[in-house]
There are 2 protein chains.
Amino acid sequence: MTGRAKATGRVWAHVGQTFVEREYDVVILGAGRMGAACALFLRRLAPGLRLLLAERGGLPNEEGATILAPGVWTGLDVPPGREREAVWDRSQLERELNDVQFQPRSLLDFYAAEGEGRVPTADLLAHFPDLADVVDPHALPFARVDEDAATYRPGSVALACGQGAVRAGADLLLNTHAALIPGGVCLERLTVTNTHEVVTHETHEVRAGVVIVALGAEGPHAAEHDLGAHTGHGRAYRQSPRLNVPTTDATPTLRAGGLTLRPQNGGFTLVPPIHHRDPHGYVPVGGRLTGVPVGVRRETLEDLIGLMDALPALATGALEVGRSLADVPGAWVALPGGRADTPPTHEEVAPGVHLLLGGPLADTLGMAVAYDLAARVAGVEGRPWER
Amino acid sequence: MTGRAKATGRVWAHVGQTFVEREYDVVILGAGRMGAACALFLRRLAPGLRLLLAERGGLPNEEGATILAPGVWTGLDVPPGREREAVWDRSQLERELNDVQFQPRSLLDFYAAEGEGRVPTADLLAHFPDLADVVDPHALPFARVDEDAATYRPGSVALACGQGAVRAGADLLLNTHAALIPGGVCLERLTVTNTHEVVTHETHEVRAGVVIVALGAEGPHAAEHDLGAHTGHGRAYRQSPRLNVPTTDATPTLRAGGLTLRPQNGGFTLVPPIHHRDPHGYVPVGGRLTGVPVGVRRETLEDLIGLMDALPALATGALEVGRSLADVPGAWVALPGGRADTPPTHEEVAPGVHLLLGGPLADTLGMAVAYDLAARVAGVEGRPWER
């Protein structure tokens, strides 16, 4: 617990900028939304701790799950007992961060059967004539509405938190691969050759009393590979195909059969359900639709086909399934505890080494769990949502 | 419905034996236990139908799931409402088939918590002193006993049924790959070159009013690839590592946490739980145990590690995890409906084309479901278990 509060941290974006640091109090690996938020909260809670945020790519990494996360906050996703945390999480996204495109937007969850709190779909759709071709009220006659739901850009959250952390005194090291070593981290600063090959330019060992591994779906693997610590976490490869049906700021987010249709860029981004983790060693491949190769993986294709009656727009040319895997945006999503329905979490996998995982519910609880870990590392009692 | 009853069918084992048939009433593809049993029952129920049983390998295929199936009949695995079928299934295995090594053998299912029908593990283990090092009664203090359970060899069931079908008049064509074509099948008789390459020796188109696809985990793919019929079935790659703890004919079958320990060849064959299907395109790979590559896939390794406290023998050198995938016997198991807990099933995927699937519960219900399809094709009303 040495060091002093600083005004603004330093940023090393490329290997041309000399990096000679040898010690920090805390190093956070990964500047996705979880790592960046944790860095920001830690600067606020413990300004005396020297903090380095290291990221393999940019802010956020273009290959990580943050950029493709749906960015849908909804009370329907909150596990029992976590409601206050989720409300605090929403308030952070709405009021504490700049430029994350936070927008209150109702969420309509459709069902084939009646149930508590559900209203007739036909009544609901009367308010949204644009959805007439998207949802078939005969197939899905009941719906639940979350009027407190909202959408935002998780990629912008990572950017806002990362920049906020630097303004608050955190150092930021980009384009750097990191491995865990006893007592700290080994940092490999990466550069690109003129033949577009990514190579290690230089290697640094940096001491740190606390290391936070916020590498998304790669975090558990890093903990295991570098520390020999076994974890029960998993991951799944989630693709987000487009549905080119016109949407506006007034279009609600839709859900049916676990599939989320998130209005974005004038159409819908589809967020398929994650049923279970993918096995170790799985390499994503495209599927086939009536014999023709497509870019969407088979399991997602089956989910979409299963919903074509209920969501007729899926059965039209508005659905972009691509021709090969590269045509459909996709990323590995961490599954805390190996399950798709567990909230974000953190755990100390070795003395002083904390694994921080977002996963499928990071949209509603990620900020709160990042705060919780920052507060723990800072030695701060109490949590703001408990007040 | 043409043809005549025959005494004994013909067998073509290799391409040196001339095959000139052009038409059958029924062709069954796949001589695993499901296809072979269906062939036997169909000969008995409809001796007037000309029947061909075609198989890519031997009887049964050495790469199929039948040979590696656990061969554990237990009432604990029977879905509600299927009890009479399962009892009939057991009677077939016990009394109607020769040389399937049917052996009544209790099954002990262990639990951490008390529950209906459970007895103290310590009392139970007093009868089985050999199990003292296998099960820790403190970790799993309660157990349920199925005294009607039995073990047998599914590979021998396929052999007995296939041979029985031939004796009853079915023709058998081995070493033949088959594809579905309109109105029948296209058969490719395979041979092995002197450089050990499997090649097609000759191709035959054979007409058949009814085709039964009993290709195990490959069946749904064949139906889809050849017919364009979409199915919701799945598959999983299941490995069966050995646990070299001495067992005898008196050793019961054990279960804990979904893992079955099946006494076999003087030790235990481990049958890991199947949690969910593997994704399309998954290629099985070995995992790592504390950094060392092993032949057991990661998911199975996690299950075994999770049980090491409760089953201390798993944490010893008695567990054979191999060094690479080839060291551990494994096969693709069909998952009817894409789930691991659904019973065997059949469905007509196109007019006259029936898909017959065994899967994880084929040990208790496979014979009955094969019978059900045979009776349906034969036009026979009523089922023996309904009497």
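In which hand, left-handed or right-handed, does helix 1 of chain B pass helix 8 of chain B? The crossing of helix 1 of chain B past helix 8 of chain B is right-handed, where right-handed means that the near helix is turned clockwise from the far one by less than a right angle, and left-handed means anticlockwise.

The model is predicted, so local features need pLDDT of at least 70 and side-chain atom pairs count only at pLDDT 80 or more, while totals for chains, interfaces and linings use all residues. Residues are numbered from 1 along each chain as its sequence is written, chains are lettered from A and ligands numbered from 1 in the order in which they are written, and side-chain values use heavy atoms, with hydrogens and water left out.

Helices (DSSP runs of H or I, at least four residues) and strands (runs of E, at least two) are numbered from the N terminus. The axes of helix 1 and helix 8 (residues 362-378) of chain B come within 8 Å and cross at roughly 40°; axes are lines fitted to C-alpha atoms over the stretch in contact, and angles run from 0 to 180 degrees between N-to-C directions. The two helices are therefore oblique to each other, since angles under 35 degrees count as roughly parallel, over 145 as roughly antiparallel, 65 to 115 as roughly perpendicular and the rest as oblique. Residues in contact (heavy atoms within 4.5 Å) include B:Phe41 and B:Leu45 of helix 1 and B:Tyr371 and B:Leu373 of helix 8. By class, this contact has 16 nonpolar, one polar and two charged residues. Ala, Val, Leu, Ile, Met, Phe, Trp, Tyr, Cys and Pro count as nonpolar, Asp, Glu, Lys and Arg as charged, and the others, Gly among them, as polar.

Helix 1 (residues 33-45) of chain B also packs with helix 5 (residues 154-167) of chain B, at an angle of about 30° and with the axes 8 Å apart. That makes helix 1 of chain B roughly parallel to helix 5 of chain B. Their crossing is left-handed.

Three cavities of 30 Å³ or more were counted. A cavity is a set of points, on a 1 Å grid over the protein atoms alone, where a 1.4 Å probe fits but cannot get out; lining residues have an atom within 4 Å of a point. Grid points are joined across faces, edges and corners, and a volume is the space filled by probe spheres set on the points. The largest cavity has a volume of about 50 Å³, and helix 8 of chain A gives the largest share of its lining, four residues.

Methods. On a 1 Å grid over the protein atoms alone, a cavity is a set of points where a 1.4 Å probe fits but cannot get out, and a pocket is an open set with protein on both sides within 12 Å along at least five of seven lines; lining residues have an atom within 4 Å of a point.
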